Amino acid sequence: MTEASTAAAMLLKNARNDALARREFEDLLELSVRLGDPLLEKDARAWLDRAER
C-alpha cells in the first residue's frame, strides 16, 4: 500500500467514524428532548455545533 492510499484509507475511516458519531448524537439529542433533559440536550447540541465547524 502506498502512502497516498494509506492516507486516503485513514481519511475515509475518519469520515465514517464522524458520520456514525454525528448520527448517535442526533439520536441522543432527540431522546433528550423527549425525556425533557435540558443538560443532556445542551451537551448533544454543543457536540453537534462543534462537529459542524
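How many salt bridges does the structure hold? The structure, which is a predicted model, holds 4 salt bridges.

Helix 1 covers residues 3-35, and helix 2 covers residues 38-52. Two packed helices are described by the angle between their axes and the distance between the axes. Here helix 1 and helix 2 pack at an angle of about 150°, and their axes are 8 Å apart. That angle makes helix 1 roughly antiparallel to helix 2, because angles over 145 degrees count as roughly antiparallel. The crossing of the two helices is left-handed.

Which residues of helix 1 and helix 2 make the contact? On the side of helix 1 the contact is made by Ala 21, Arg 22, Phe 25, Glu 26, Leu 28, Leu 29, Ser 32 and Val 33. On the side of helix 2 it is made by Leu 40, Glu 41, Ala 44, Arg 45, Trp 47, Leu 48, Ala 51 and Glu 52. Sorted by the kind of residue, the contact of helix 1 with helix 2 divides into 10 nonpolar, 1 polar and 5 charged residues.

## Charged pairs

| Residue | Partner | N to O distance |
|---|---|---|
| Arg 22 | Glu 26 | 3.3 Å |
| Arg 22 | Glu 52 | 3.3 Å |
| Glu 30 | Arg 34 | 2.7 Å |

The salt bridge of Arg 22 and Glu 26 joins two side chains that belong to helix 1, where they stand 4 residues apart and are therefore separated by about one helical turn. Arg 22 is partly exposed, at 26% relative accessibility, and Glu 26 is likewise partly exposed, at 34%.

Where in the chain do the partners Arg 22 and Glu 52 lie? Arg 22 also forms a salt bridge with Glu 52, and this pair links distant parts of the chain, since Arg 22 lies in helix 1 and Glu 52 lies in helix 2, 30 residues apart. Glu 52 is exposed, with a relative accessible area of 57%.

Glu 30 and Arg 34 form a pair within helix 1, where the two residues are 4 residues apart and so are separated by about one helical turn. Glu 30 is partly exposed, with a relative accessible area of 40%, whereas Arg 34 is exposed, with a value of 65%. Salt bridges that share partners join Arg 22, Glu 26 and Glu 52 into one network.

Is Ser 32 buried or exposed? Ser 32, which lies in helix 1, has a relative accessible area of 0% and is therefore buried. When its neighbours within four places in sequence are left aside, Ser 32 is in contact with Asp 37, Leu 40 and Glu 41.

Leu 29 also has its place in helix 1, and because its relative accessibility is 15%, Leu 29 counts as buried. Not counting residues up to four places away in sequence, Leu 29 touches Glu 41, Ala 44, Arg 45 and Leu 48. In the case of Glu 41, which stands 12 residues from Leu 29 along the chain, the C-alpha atoms of the two residues are separated by 5.4 Å.

## Distances along the chain and in space

Asp 49, found in helix 2, is partly exposed, at 43% relative accessibility. Asp 49 and Asn 14 are 35 residues apart in sequence, and their C-alpha atoms are 18 Å apart in space.

Ala 4 is found in helix 1 and is exposed, with a relative accessible area of 57%. How many Å separate the C-alpha atoms of Ala 4 and Leu 31? The two residues are 27 residues apart along the chain, and their C-alpha atoms are separated by 41 Å.

Note on methods. Residues numbered from 1 in each chain as written. Predicted model: local features only at pLDDT ≥ 70, side-chain atom pairs only at ≥ 80, totals over all residues. Heavy atoms only, no water. Buried < 20%, exposed > 50% of the residue type's maximum accessible area, 1.4 Å probe, protein only. Contact = heavy atoms within 4.5 Å. Axes fitted to C-alpha atoms, helices over the stretch in contact; angles between N-to-C directions. Parallel < 35°, antiparallel > 145°, perpendicular 65-115°, else oblique. Left-handed = near helix turned anticlockwise from the far one by under 90°. Nonpolar A, V, L, I, M, F, W, Y, C, P; charged D, E, K, R; others polar.
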